[in-house]
Amino acid sequence: MALNGKVPAGNLTEKWTKYRATMPLVAPNNKRRLDIIVVGSGLAGAAAAASLGELGYNVKCFTFHDSPRRAHSIAAQGGINAAKNYRNDGDSTYRLFYDTIKGGDYRAREANVYRLAEVSASIIDQAVAQGVPFAREYGGLLDNRSFGGVQVSRTFYARGQTGQQLLIGAYQSLSRQISLGSVEMFNRHEMLDVVLVDGKARGIIARNLLTGELERHAAHAVVLATGGYGNVFYLSTNAMMCNVTAAWRSVRRGALMANPCFTQIHPTCIPVSGDYQSKLTLMSESLRNDGRVWVPQKQEDAAAIRSGHKNALDIPEEDRDYFLERRYPAFGNLVPRDVASRAAKIACDEGLGVAPTGLAVYLDFSAAIERYGRSKANMQGNHHADQKTIVELGERVVEEKYGNLFAMYEKITGENPYKMPMKIYPAVHYTMGGLWVDYNLETNIPGLFAAGECNFSDHGANRLGASALMQGLADGYFVLPYTIGNFLSNDIRTPKFDPNSAEFVQAEADVKGRIDQLMNAQGKQSVESFHRRLGKIMWEKCGMARNAEGLTQARRMIQELREEFYKDVFVPGSATGDYNPELEKALRVADFFEMGELMVIDALNRQESCGGHFREEYQTEEGEALRDDANYAYVAAWSYSGWDTDPVLHKEDLVFENVELKSRSYK
Amino acid sequence: MEIYFINLKLFNFVNSSTINFSTFFAMENMHLKLKIWRQGGKFAPKGEFVTYELDNVSEHMSFLEMLDVLNEKLISQREEPVAFEHDCREGICGTCSMVINGHPHGPNAGTTTCQLHMRFFKDGDTVTIEPFRAKSFPVIKDLVVDREAFDRIIQAGGFISASTGQAQDANAIPVSKELASASFDAAACIGCGACVAACPNASAMLFVSAKVSHLALLPQGKVEAKRRALAMVKQMDQEGFGNCSNITACEAECPKGISVENIARLNREYISAAFAFEEKEDKGGGAG
């Protein structure tokens, strides 16, 4: 299959402007006749549904939550990037584009990333107009901070709850459209299949989670904004219900899954504490603005800490290794996530970990507390403040910046991070891979669009901090509402689709077959236990470091586990007439098996290291990722037709006309 | 009433098979008696308490992880697991609910159920777990309730009418740090409904007032403030929520510390709107 990214011709800086000005439009009177289904109500989904509703389309929006406001975008903490250059520190659209391309280790499409940088400023404008209470300075203007992988301050934030505030902004816009009747909202409905009519996406099969009934919904186009697949690892910072089913069922109908092995392991999460653990909690990357990452230099100190005979404060300054500052002096603690995670893993592999499990490093705020305290004391005219005063003042500044994160840390661990350094360890956080889309955010199935984390397009092999919110909202507010018109302008005379046509009936029967298979297994093991076992395989063999032998093993293990699952899973309750969360989970885990296997296949195929994909066979002498641009500067888009045949690889060559491919250095 | 005796075995650890955690736990083997509200499914349609005994509860578990363990055991005995809602498990999505020992989200201040950890319970404790109870939050099953009334209140007017693309530059209107911060404090509401569950009148005033305050405090939201207050209060009444009688249990139980000052602000907005605001329709037509 030839993959056409449909990138418009012309200069990089003019592509979007020209394209937007010349693409076919749908007139207001025709928009009223066109139906669009949006699946998902996170930043991308809510923004798209609201904007499409405002434009005059008939929108149906679906979420499996009880309310669109619950989507996992809400948990994003640190901030959102935008090339506003309000700091006067040299930021520009080009620099945001360049940082993002470089941060993604040169595995993203130039034109998409440039457009993302271009519309970023409008997102902040829109959010402020909606009432998003961003952090401000005393002069009343917006504040910024820095995030990893960049040397400017372009991150806008609302304390440590930026995702929450942006999502509520989008949710409120969506609510307004619901009240006006342009969007019909379906809460507690999960999409279980996409329906194709004459090769185009014309509807979905959704399951009403309260009654178990399967419903057929038809439309002229379908937009998926269904998030990432990090929960394939079982333990991740994703919410418990995040899943790949909507995207995966589209793959099963012919859509391509691109770069599935590109997963982001976030360096600063609260470490695993026990075997009952259900999820991992992120500590925002913004903390690395002020926190210093270190481990003891001596293995015996680390061992004493692990056994409880020493703690962080017992280790004198000269016996600490601030390994990020040492290895990457130019960026220090603010290196990108993939780099920071790998460095923490290496430290722990060397026996320097500081949690009882051996899997944790310190994130220490004492220097920042001291620095802020001294500055605050000076501001108050107290130039000879004693240490106690300095610490008190400094702690107050840190509390103002990160109070909710520190409180969250203390709630979970029972330790006070103002007094004792945080213990952190990398955890699965985000998936850069996703449905293959062209410049219009359209998959290879005409009429099926993918926005936000569920597409692959903007982050390459590694996403920079504060860029997920930017991409979700860019896609939803400022890209998709335009580009979908390209497709729909050919459909202005197409009447509404009949949800009782043969295609819909067949798709519903297929879904029912999948449900019956799981309900009828009546085995002995819970869905959760299978999910944990799958996650363990994925984390150990396809996590922070991968190699051919482990990946080959993993593929076999996943296949065996999948077979065991279908034979021996036990789903209690019934499929209809009742609310059955176990069945919901079973359907999701079934798809995680297939997705997990594809991730392993993709990781095996990509014989290079780039971004979050680190193949142990391909590294520099210093242990940094070794890219192979000659052979792997392509998007790996996979089609999947079932267990019996191997997935087929389709390549989209990445063409770099505006940046020079360099080895990514943060030293 | 049925009593189940459950003996727990810890599961195989997922991400590091070589490590034995048990030696590091201060309190590894708590025994708890759980009185849980079961409703629907094979249980009474009007609901009943069922008591479960649970062993080997670790103090490092979150409350929901403790319930996960209970459910895994129920499933292994081919019983129906306890239905409860949860998602982000980091205190921000507002999905988790339940009343624990008489308190929405449990006894700790400023904590959602998902962030409550078992170190706050003692060996031998009896823990009573019920759904949020309010006429406007009907029980769906066990601990799961329907909170869509909140969505409908937001739909009635809890927004600023700014369509995509209509915005001016974000720094065009300065907003004082104090005002932005006060607005944020109100906007921190997670829409969980604990305020309603805590209130003897099942009033939704804290929820509604937080949204009214969040938007009315900002210059961008001022324009529609009166219309918004009237519409949201009207919808709140239609949904059957009770009146506020200044008990302030809502503030005490709110996991996000939303202040009852917001209710005073809502009252001000509402009263001034009720007296002064009259929706005027533009005269139609034009010269064109």
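**Interface and sheet architecture of the predicted model**

Across the interface of chain A and chain B, 47 residue pairs are found in polar contact, both partners being at pLDDT 80 or more. The side of chain A that touches chain B draws on helices α3 (43-55), α5 (110-130), α6 (162-180), α12 (387-413), α13 (468-488) and α15 (527-542) of chain A, each of which supplies at least two residues. Among these contributors, α6(A) gives the most to the side of chain A that touches chain B, namely 10 residues. When the residues on this side of chain A are sorted by class, 35 are nonpolar, 32 are polar and 24 are charged. The structure described here is a predicted model, and the values reported for it are computed from that model.

In terms of residues, 91 of chain A are in contact with 88 of chain B. The area that chain A and chain B bury between them comes to about 7,500 Å², and 53% of this area is on carbon and sulfur atoms. Between chain A and chain B the count of salt bridges is 7. A salt bridge is formed by Lys279(A) with Glu90(B), where the closest N and O atoms are 2.6 Å apart.

Over all chains, the count of salt bridges comes to 66. Within chain A, the side chains of Arg109(A) and Glu652(A) meet in a salt bridge with an N to O distance of 2.8 Å. Because Arg109(A) lies in the loop between α4 (93-103) and α5 of chain A, whereas Glu652(A) lies in strand β19 of chain A, the pair ties together parts that are 543 residues apart in sequence.

Strand β19 of chain A also belongs to an open sheet of 4 strands, which has the order β16-β10-β18-β19 and antiparallel pairing. The edges of this sheet are formed by β16 (434-435) and β19 (648-653) of chain A, each of which pairs on one side only. Inside the sheet, strand β10 (residues 257-258) of chain A is joined by 2 bridges to strand β18 (residues 634-639) of chain A, the two running antiparallel, and Met257(A) stands opposite Trp638(A) in β18(A). Helix α17 (residues 581-605) of chain A lies across β10, β18 and β19 of chain A, and the helix runs at about 145° to β18(A).

A further open sheet of chain A consists of 5 strands in the order β5-β2-β1-β9-β17, with parallel pairing. Its edge strands, each pairing on one side only, are β5 (183-186) and β17 (448-450) of chain A. With direction ignored, neighbouring strands of this sheet are turned by 20° against each other on average. Strand β1 (residues 35-39) of chain A pairs in the parallel sense with strand β9 (residues 221-224) of chain A over 4 bridges, and Val38(A) stands opposite Val223(A) in β9(A).

Methods: Residues are numbered from 1 along each chain as its sequence is written. Chains are lettered from A and ligands numbered from 1 in the order in which they are written. This is a predicted model: local features need pLDDT of at least 70, side-chain atom pairs count only at pLDDT 80 or more; totals for chains, interfaces and linings use all residues. Side-chain values use heavy atoms; hydrogens and water are left out. Contact means heavy atoms within 4.5 Å. Buried area is the accessible area (1.4 Å probe) that two parts lose on being put together, summed over both. A salt bridge is a side-chain nitrogen of Lys or Arg within 4 Å of a carboxyl oxygen of Asp or Glu. A polar contact is a pair of N or O atoms within 3.5 Å; within protein, one must be able to donate a hydrogen and the other to accept it, and residues adjacent in sequence count only if both atoms are side-chain atoms. Ala, Val, Leu, Ile, Met, Phe, Trp, Tyr, Cys and Pro count as nonpolar, Asp, Glu, Lys and Arg as charged, and the others, Gly among them, as polar. Two strands pair if DSSP finds at least two bridges between them. Axes are lines fitted to C-alpha atoms, for helices over the stretch in contact, and angles run from 0 to 180 degrees between N-to-C directions.
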